[in-house]
Amino acid sequence: MADIVVEQGRLVRAASPRKRASLQNVLGRKSTVAFFLTLPLILLIVLLVLYPAFYSVYLATLNKAMTKFVGLGNFTFLFKRETFWMVVRQSCIFAITAVVFKALIGFIVAHFVHNIPGKKQRKWRGMLLVPWVIPPAMSTLAWLWLFDPSYSAFNYTLSFFGVGPIPWLGDTFWARFSVILVNVWYGAPFFLIMYLAALKSVPDQLYEAASIDGANWWQKIWHITLPMMRNIIAITTLFSLIVTFANFDIVRILTSGGPLDRTHLFATWAFQVGIQSSDIPLGACVSLFMVPILAVAAIFILRDVNKRGNEA
Amino acid sequence: MADVTLRKVVKLYDDVEAVRGIDLDISDHEFIVLVGPSGCGKSTTLRMIAGLEDITDGDIMIGGDVVNDVPPKDRDIAMVFQNYALYPHMTVAENMSFGLRLKHYPKAEINARVTEAARLLDITDLINRKPKQLSGGQRQRVAMGRAIVRNPKVFLFDEPLSNLDAKLRVQMRIEIKKVHQKVRTTTVYVTHDQVEAMTLADRVVVMNKGRIEQIGTPNELYHKPATRFVAGFIGSPAMNFIPCRLEDVAGTVQIRLTDRIAFPLPPARAARYNALPRSEKLLLGIRPEHLTEWHAHLEPGVETFDTVLDVTEPMGMETLVYFGLDGTPVCGRVDPNAGAADGAPMRLAMDLNNMHLLNDETGVVL
């Protein structure tokens, strides 16, 4: 579409007198056309992303009553609170553990699904995507019942083996375990589908060449599959790290951050501090802390994606 | 270095017979080309030798050992694929040394072998590049280099030149022949291009519909084809097949092509075909180069006839002429100065000393 507009612009320009040429010039330039075509999206991003972002930076510099500018006061206050550092640590543990397991399970299951022939594969793909398609707030409610200490399916089943009852959401360790488990359950299908697509894009002949070169099953994965999927792995990991780090619904519904704040993440703690305790500036301050941490992760992971982008 | 033997090899894909019982003996150092139209089972045969496809029945032996159940990595073979199958994330050197590194060869030895192979293929300057930075011909060389460094018992080539343009294909064909002359590794080469087959092979295996039609040196196949398929497949433009029958006229055997055209057979041919029943439907197989312009001093066995040309194709060093004999399209090759023109009448000469006679029903060359 852009090309047609440019063509018209050029035609008009060629025919018009010299004085009008400069305006025609600007309007006819490819970059100008491109700018106008993307303008609606740019406005949307400004309205929904940039404005709230800067507004939260502004909020973070106010006092609790939002009447006075306190500069970095909220930040220095946070640094002194032990709960804050606990939330940092928990968020990191939560995000990293969950993403590692999601990626691992996604990778392994993707291999299995990849080897299922034709029609059956579509059925399996559909079924395995279900956790990711159900709104997490709803599926987490189901998990909440499964984790119930007295009446749940888990503890009932375990009782036959003489295990338990396990306080799934009441004990610090088990509560952390449970929120990670549900997050992995919810997020692994995303990795599965991305890895499956990546696996399909690796030419079969590379594996054939490798098996003739003497590679065994593991060497093929290490020397062919992983390098060929490198970019997809980096991008999905980063994407999932961001989403998992900022997770709210699962923790909110399962534990509300308890017991003893031991499962709080940035988002849930920001919600508790900002909305429930009515200290919006401090809440904004907490959520802003995700930015530098995730920025570092993004740089680290995407460092050589560009370099390797169009190798294949 | 080893010989390769196939014994009654069969390959079924869900009841579809891709390969229907192949017997083939390939001796050490030999360059064998499997050639045939698409779907004839030549690639499947190669992949079975490589171990990339299971065999349904029969035996494959490499160096005297039955390798039916040996995985590709333990067969000590190297393969060059049609689309090269270079590892895109590795440099040329890494691509070439991959197999050796997997087998934990000492570094010095790997380097020596890669350098030697790169020198042989003239790709020393490219050794640190990635495949995407290479042209088609260069990738082809790297793929060959990867095969050479392994110093395997057998080289397998799966239509390695079909992704190259015509000029490069000729160049790489010569290159492959040179490499084989230097390393002398037993080679099995698959192609659908009969020119490649003829120029490269010590022996050509012509395949059709999962069976071997004929095995022979390029000259044998060209001059003594066993079946109509081989006769028609080898040679370009293809051999003409003209319906005909034999007659006895005044004590000589004649071959009748049309109501108008009949020639006495040369004595050697007459003796050979004399026993055939006169009623049998036959095909005269004659190559275009044995259908030339008429001139005054013709050898015995060369007969002339008049026809009207449909189309002519000047090729420079020769002109191809097309005409019909009772509806059968026929192609001849005449001198460019012989005055052939579209729609013009022309007197042509047919060299019956080089004729073939085929059974119309079975396609067997008699």
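Two residues are in contact if their C-beta atoms, placed from the backbone, lie within 7 Å. By that rule, and leaving out residues up to four places away in sequence, B:Val33 touches B:Tyr189, B:Thr191, B:Ala197, B:Leu200, B:Ala201, B:Val204 and B:Val205.

A word on the model: it is predicted, so local features need pLDDT of at least 70 and side-chain atom pairs pLDDT 80 or more, while totals for chains, interfaces and linings use all residues. Residues are numbered from 1 along each chain as its sequence is written, and chains are lettered from A in the order in which they are written.

B:Val33 also belongs, with B:Leu156 and B:Val188, to the residues with the most contacts inside the largest nonpolar core, which has 156 residues. Such a core joins buried Ala, Val, Leu, Ile, Met, Phe, Trp, Tyr and Cys residues through C-beta atoms within 7 Å; buried means that 20 or more other C-beta atoms lie within 10 Å of a residue's own.

Next, the two chains meet: 17 residues of chain A are in contact with 20 residues of chain B. H10 (204-212) of chain A, a helix (a DSSP run of H or I, at least four residues), gives the most to chain A's side, with six residues.

Here is that side by class, where Asp, Glu, Lys and Arg count as charged, Ala, Val, Leu, Ile, Met, Phe, Trp, Tyr, Cys and Pro as nonpolar, and the others as polar.

| Class | Chain A side touching chain B |
|---|---|
| Nonpolar | nine residues |
| Polar | five residues |

Methods
Helix = DSSP H or I, 4+ residues; strand = E, 2+ residues; numbered from the N terminus. Buried ≥ 20, exposed ≤ 12 C-beta atoms within 10 Å, placed from the backbone.
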